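I opened a notebook for this structure. Below is what I looked up, entry by entry.

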Amino acid sequence: MTKNLPATLARYVAALVAVLAITSFYRYTHRFNVTTVAFTYLLAILGVSALWGLAVSVFMSVAATLAYNYYFLPPIGTFTIADPQNWVALVTFLATSVLASDLSTRARNQAAEANRRRHEVERLYRFSQRMLSAGNPIELLNAIPRLIVETFEVGAAAVFTSDKQKVYRSGMNLPQLDADFLKAVVAREEVQIDAERSVCFAPLRLGSRILGSMGISGPVLSAQTLEALGSLIAVAIERAHAIEMVGKTEAARQGERLKSALLDAITHDFRTPLTSMKMSVTTLLSPAPLDDGQRKELLHVIDEECDRLNRLVGEAAEMARLEAGEVKLQLEPLRAADLITGSLDLCKGMLGTRPIRIEMKNPDLRVEADTARAKEVLVHLIQNAHLYSPPDKPITIGAEEKDDFVQFSVADQGPGIAEAELGLIFDKFYRGTDQRYRVQGTGMGLPIAKAIVEAHGGTIGVVSQVGSGSVFSFSLPISRRASEPK
Amino acid sequence: MSTPTILVVDDEPQIRRVMRTTLSSNGYSVVEARSGEEALDVMRAERPELVLLDVNMPGKSGLDTCREIRDQSDVAIIMLTVRNTEHDKVLALDAGADDYVVKPFGMEELLARIRAALRRTSSGEPVPAYVSNDLEIDFERRKVTVQGRPVRLTPKEFELLRHLVANQGKPLEHRRLLQAVWGPDYGDETEYLRVFINQLRKKIEPDPAHPKYIHTDPWVGYRFEPVTAAPAKGKKK
C-alpha cells in the first residue's frame with residue numbers, strides 16, 4: 001500500500017476527534033442512556049471502518065472503548081477494566097470494525113478490479129483500432145511497440161517475429177527486453193510476468209501457432225491482458241500479411257496483363273511501319289514496271305514510316321524512363337499563362353485556323369513545374385483535341401487554382417469518349433474500339449502525359465459526354481515562391 | 001478475263017498506299033476499305049475477285065469480317081496478320097480465309113499468294129461427276145448436293161475435293177495436295193489441309209466425326225473413298 005503520511009495521520013486524528021465529539025456531546029448534554037452512547041460510538045466506528053479501513057477503525061474502537069468506560073460506565077471517572085461490560089463494548093466495537101472494514105475493502109477492491117479490467121479492455125480496444133490503420137506488415141510491426149507504449153502507458157515495448165527473427169522496439173534496446181528473452185518466450189509459449197523487474201512477456205498466439213513474442217517494461221499488465229494483447233498483435237500481423245499477399249498477387253496479375261498488352265502493342269505498332277517499308281522496298285527491288293510517280297510514292301512511304309518508327313522508339317524509351325523514375329524534373333516557377341501560350345506556339349503549325357479560347361481568371365497563377373515536360377503534356381492534349389474534333393469547332397484551354405494545385409483543362413467539341421473507355425485511355429498501349437485514340441499510331445501519348453503529371457505530384461483525368469465533347473484536365477502544384485519567374 | 005479487282009481492307013493508310021501502288025503496277029485494279037464494315041459495303045458494290053484482309057483492325061475484327069464475307073460470297077480471301085502462331089493461322093483459315101500472309105512480308109510473296117488464290121481449276125483435265133446415294137458432285141457445273149440439299153463450297157474447298165475425287169481410293173500426300181490446290185510455292189502448310197479437310201467434312205459428311213468419304217491416312221495424307229451400295233465403315237488400311 002502506498003502511504004500518504006499526512007492523509008493517514010489526518011484519518012487517525014479525525015477518528016479521535018469523532019470519539020471526543022461523541023463523548024463530549026453526551027457528557028455535557030447530561031441526557032443520555034448508556035446504550036445510546038454505545039450505539040453512537042458503534043455507528044461512528046462503522047462509518048470509519050467502511051471508509052478508511054481496518055487500522056483506523058481498530059484504533060478508534062480502542063479509543064471509543066476507553067472513552068465509554070471512563071465517562072459513561074459507572075463508576076464514572078475511572079477505568080474499570082475488569083468490568084465485563086467493558087469487554088463486551090470493546091469486542092463489539094472491534095468486531096464491527098473488522099467486519100465492516102473487511103466488507104468495504106472487499107467491495108472497494110472489487111470495484112477497483114472491475115474498473116481496472118474495464119480500463120484494460122478499453123485500452124485493448126483502442127490498441128486494436130490503431131493497429132488496423134497501419135498499412136503493410138513492415139509499417140505495422142514498426143508501429144506496434146510505439147502503439148503499446150502509448151496505449152498502455154508503459155515504459156518500453158518490443159515485438160519479436162519468428163519468421164524474420166527480427167525485434168521491433170519502441171525506443172532503445174533495454175537489457176530487460178533483450179532479444180534472448182523474447183526468443184525464450186516464443187519457445188515457452190506462455191505469458192511471463194516479472195513484477196520485481198517490472199517486465200512482462202507474452203507470445204503472439206494465432207490459434208495454435210506462435211508468430212513471435214512481445215515484451216513490455218514498466219507497469220506490469222495482467223496475464224489476461226497480456227494474452228489478449230499477444231493474440232491481437234498476431235491477428236493484426238497475419239491480416240497485414242494477407243492484405244500484402246493479395247496486393248502482390250494483384251500486382252503480378254496486372255504486370256502480366258500489361259506485359260502481354262505491351263507485346264501485342266509492340267508487335268502491332270512496330271510491325272505496321274515495317275510492313276509498309278518492306279512492301280515498298282520489295283516492290284522497288286522487283287522487276288515490276290513502276291512509273292516515276294509510283295516509285296516516288298513508295299519512297300515517300302518508306303521515308304514517313306522511318307520517321308514513325310523513330311518516333312515510336314523515342315516514345316517507348318521515354319515511357320520506360322518515366323516509369324523507372326529516371327527522369328529528373330527541373331522544377332521552376334512557371335506562369336500558367338506562359339505555359340499555355342508556349343504550348344500553343346508549338347502547336348501553331350498543326351492547328352491552322354482552328355479557333356482557340358483561353359479561359360483564365362487569374363493571369364498571374366504560377367505552377368512549380370518542369371517547363372519542357374509540362375508543355376509536352378499540354379501540347380499532347382491540344383493535339384488530341386485538334387485531331388478528334390471537327391476543324392471549325394473551338395478548343396477551350398483553361399487554368400484555375402484548386403487548393404494547392406493549378407488545374408489546366410483542354411475542352412474539345414468532338415464526338416466524346418464512351419464511358420467504358422474513359423478509364424482505359426490512359427493505359428499504356430490501350431487501343432480504342434474505334435480509331436479515336438490511336439493517336440499517330442502509338443498508344444503512348446496519354447500514358448506519357450499521365451506519367452509526367454504524376455511525376456509532378458499532380459493528377460490527370462478526363463470527363464466526356466458522347467456527342468458533345470471531352471474535357472481533359474491535369475493539375476500541377478501551384479508555386480507560392482516569391483521570386484519572379486524568369 | 002479482265003484485270004482482277006482486289007479489295008484491300010486495312011485501317012493503316014500507309015499500307016493501303018503501298019498496296020494500291022504495287023498491286024496496280026502489277027496489273028490488278030484496286031479498291032480499298034478502311035474497316036470491316038466498309039469492306040462489306042465495298043464487296044457488294046465492287047464484286048472483287050480477291051480480298052486482302054487485315055486481321056487486326058479496330059471495330060469489326062478481320063476474322064468477323066472474313067466470316068461475314070464468306071457468308072455471302074466465295075471470293076478468294078487472303079488474311080494479313082502480324083501474329084505468326086499456329087493458333088492464329090488456324091483461326092484465320094477457320095474463319096473462311098483461303099490463305100494468310102504474316103506481316104511484314106515481301107511483295108513477291110504476296111503476289112505469289114494472290115496468284116495462287118486467284119487460280120481456279122488449274123490442272124485442267126475434267127473430272128467426271130461423282131454420285132452416291134447421299135452425295136452428288138458435279139465438277140462441270142461446280143455443284144455439290146448432300147442428301148438432296150445444295151451445299152456451297154469455297155473455291156479452295158472445291159478444288160481440294162476435286163483433287164481427292166479425281167484420285168479416289170488413293171492416298172494423296174500433304175505436299176501434293178497443297179501444291180495442286182494452292183500452287184507450287186506451297187508444301188509445308190499442313191494446317192491449311194487440316195482446316196480445309198475439316199470444313200469439307202462438315203459440309204459433305206453425314207457424320208463429320210466419323211467420315212466415310214474423306215479419310216485421314218496418318219503420316220501420309222488424305223484419301224477420298226467412294227461409297228458403294230454398302231457404306232464402308234471406318235478406315236481401310
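**Entry 1: Ala337(A)**

I began with the neighbours of Ala337(A). Leaving out residues up to four places away in sequence, I found that Ala337(A) touches Met360(A) and Pro363(A). I keep in mind that this is a predicted model.

Next I looked up where Ala337(A) sits. It belongs to helix 9 of chain A, residues 336–351. Is Ala337(A) buried or exposed? Its relative accessibility is 17%. Buried means under 20%, so Ala337(A) counts as buried.

I also checked one distance. Ala337(A) and Ile358(A) lie 21 residues apart along the chain, and their C-alpha atoms are separated by 9.1 Å.

**Entry 2: helix 3 of chain A**

I moved on to helix 3, residues 54–72 of chain A. Does its length agree or disagree with what its residue count predicts? The helix has 19 residues, and at 1.5 Å a residue it should span 27 Å. The C-alpha atoms at its ends are 25 Å apart, so the two figures agree.

Then I listed what is buried in helix 3. Among the buried residues are Val56(A), Met60(A), Ala63(A), Ala64(A), Ala67(A), Tyr68(A) and Phe72(A). Ser57(A), Ser61(A), Thr65(A) and Asn69(A) are buried too. I noted a general point beside this list. An α-helix has 3.6 residues a turn, so residues three or four places apart point the same way.

What covers these buried residues of helix 3? The cover includes helix 1 (5–29), helix 2 (34–52) and helix 4 (84–132) of chain A.

**Entry 3: where chain A meets chain B**

Last, I turned to the interface. I read that 31 residues of chain A are in contact with 24 residues of chain B. Between them the two chains bury about 2,400 Å², with 56% of it on carbon and sulfur atoms. Which residues of chain A lose the most area to chain B? They are His268(A), Arg271(A) and Met279(A), together 23% of what that side buries.

I then looked at the polar side of the interface. The rule finds three salt bridges across it. One of them joins the side chains of Glu297(A) and Arg17(B), at 2.9 Å from N to O. Eight residue pairs are in polar contact across the interface of chain A and chain B.

Which elements of chain A give two or more residues to the side that touches chain B? They are helix 7 (223–285) and helix 8 (292–323). Helix 7 gives the largest share, 13 residues. I sorted that side of chain A by residue type: eight are nonpolar, 14 polar and nine charged.

Definitions and conventions
Residues numbered from 1 in each chain as written. Chains lettered and ligands numbered in written order. Predicted model: local features only at pLDDT ≥ 70, side-chain atom pairs only at ≥ 80, totals over all residues. Heavy atoms only, no water. Contact = heavy atoms within 4.5 Å. Buried area = accessible area lost by both parts, 1.4 Å probe. Salt bridge = Lys/Arg side-chain N within 4 Å of Asp/Glu carboxyl O. Polar contact = N/O pair within 3.5 Å; in protein donor to acceptor, adjacent residues only side chain to side chain. Helix = DSSP H or I, 4+ residues; strand = E, 2+ residues; numbered from the N terminus. Nonpolar A, V, L, I, M, F, W, Y, C, P; charged D, E, K, R; others polar. Expected span 1.5 Å × (residues − 1). Buried < 20%, exposed > 50% of the residue type's maximum accessible area, 1.4 Å probe, protein only.
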